[in-house]
Structures are given as C-alpha cells and as structure tokens.
Amino acid sequence: MSSRVSLNWITGARFDLLWYIAACTTGYALVYLNAGLGTDHECTALEEANEKLGLGMRIMIREGSQAKNMADLLPLVRPETARRFLLVSDDREPQDLLQEGHLDALLRKAVSLGLPPHLAVQMVTLNPAETFGLHDRGAVAPGRSADLVVVEDLQQFPPLLVFKG
C-alpha cells in the first residue's frame, strides 16, 4: 500500500482508527502521524516501540488472553516516558476475566515486573482518558469525573470500596 493510499484511507475514518496503527515501518508510522493518529497497540518488540515512542506516539502495551507484550515492552516505561504509555487488555477471554480479572490483572502483572504502582495506575486511568480526549475524566481533581476504587495494597490491588463518580 502506498503512503498516498494509506493517508486517504486513514483520513476517511480518523475516529474509528484513533487507536489502531498496525506494525509498520517508520515511513508508514509517519503517514499515520501526519494524518493525526498517534497511538499504537500493535507493538510487540522493544525496538519497534522505542522507535515509535521517539516519533511522539503513545504506546498501548497489550496484555490479553492472546497478545502478551507487557514483559517485552515495560522496560521502556520510565518516569520521564510513562505519560506516553497505556496498559490495555485488547483481547480478554471470558474465562480469563472471571479467573484473573481485567485491568486489575494488568496492574498486578506490571507491578510484579517492577513498574512502580503509581505509574501502573496512571497507565490505566489518566493516560487513557487523556489519550482519547476524555478531559473530564481519569483523575481526582476539580471539574473531573472519576470512579474510585479503594484497594488494600498496591501489589495485588484487592478492592475494598468502589465509588461511582
């Protein structure tokens, strides 16, 4: 597919494709960026994610039932880069949801792999809200709406109380 065809195809469906940039070369990544898209949930290799991060993209780290990229990509997340990353499930089978959980399972794994808990929580709350233009959500602050979960500890994230915002 040529860059011109890619650009025309992308700009025709910008909202639907906000999150989707498939594994691609730098040239195609630049086409996506020029079309106004800036996130990638298809990175599987550290080098690819680092290259796209360097282009200014936001990287969605997948950890679902099929795609499991967290262990490979998490080393890129540092305090200075954490705002550019999201933890996403992408494909959780019903049985996995019942047995392991959803975003709480991603939080547990990220922390077990060494990510500081406050960055892990940021990557499932504030970062996704800002990435998708939900500027009134994702944080506890005046003028914002948030659901709050009080947890017993920041390793296993067992919920004690839930407040709907």
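Visitor: Which helices and which strand each supply at least two residues of the lining of the largest pocket?

Guide: This is a predicted model, in which local features need pLDDT of at least 70 and side-chain atom pairs count only at pLDDT 80 or more, while totals for chains, interfaces and linings use all residues. Residues are numbered from 1 along each chain as its sequence is written, and side-chain values use heavy atoms, without hydrogens and water. On a 1 Å grid over the protein atoms alone, a pocket is an open set of points where a 1.4 Å probe fits, with protein on both sides within 12 Å along at least five of seven lines, and lining residues have an atom within 4 Å of a point. With helices (H or I, at least four residues) and strands (E, at least two) taken as DSSP runs, the suppliers are helix H6 (103-112), helix H7 (117-124), helix H8 (126-131) and strand S4 (148-151).

Visitor: How much space lies in the largest pocket?

Guide: A volume is the space filled by probe spheres set on the grid points. For the largest pocket, this comes to about 800 Å³.

Visitor: How far apart are the closest N and O atoms of Lys52 and Asp40?

Guide: A salt bridge requires a side-chain nitrogen of Lys or Arg within 4 Å of a carboxyl oxygen of Asp or Glu. Lys52 and Asp40 form such a pair, with their closest N and O atoms separated by 2.5 Å.

Visitor: Where do Lys52 and Asp40 lie in the chain?

Guide: The pair links distant parts of the chain, twelve residues apart. Lys52 belongs to helix H3 (residues 46-54), and Asp40 to strand S1 (residues 39-40).

Visitor: Are Glu48 and Lys52 buried or exposed?

Guide: Glu48 also forms a salt bridge with Lys52. Taking buried as under 20% relative accessible area and exposed as over 50% (1.4 Å probe, protein chains only), both Glu48 and Lys52 are buried.
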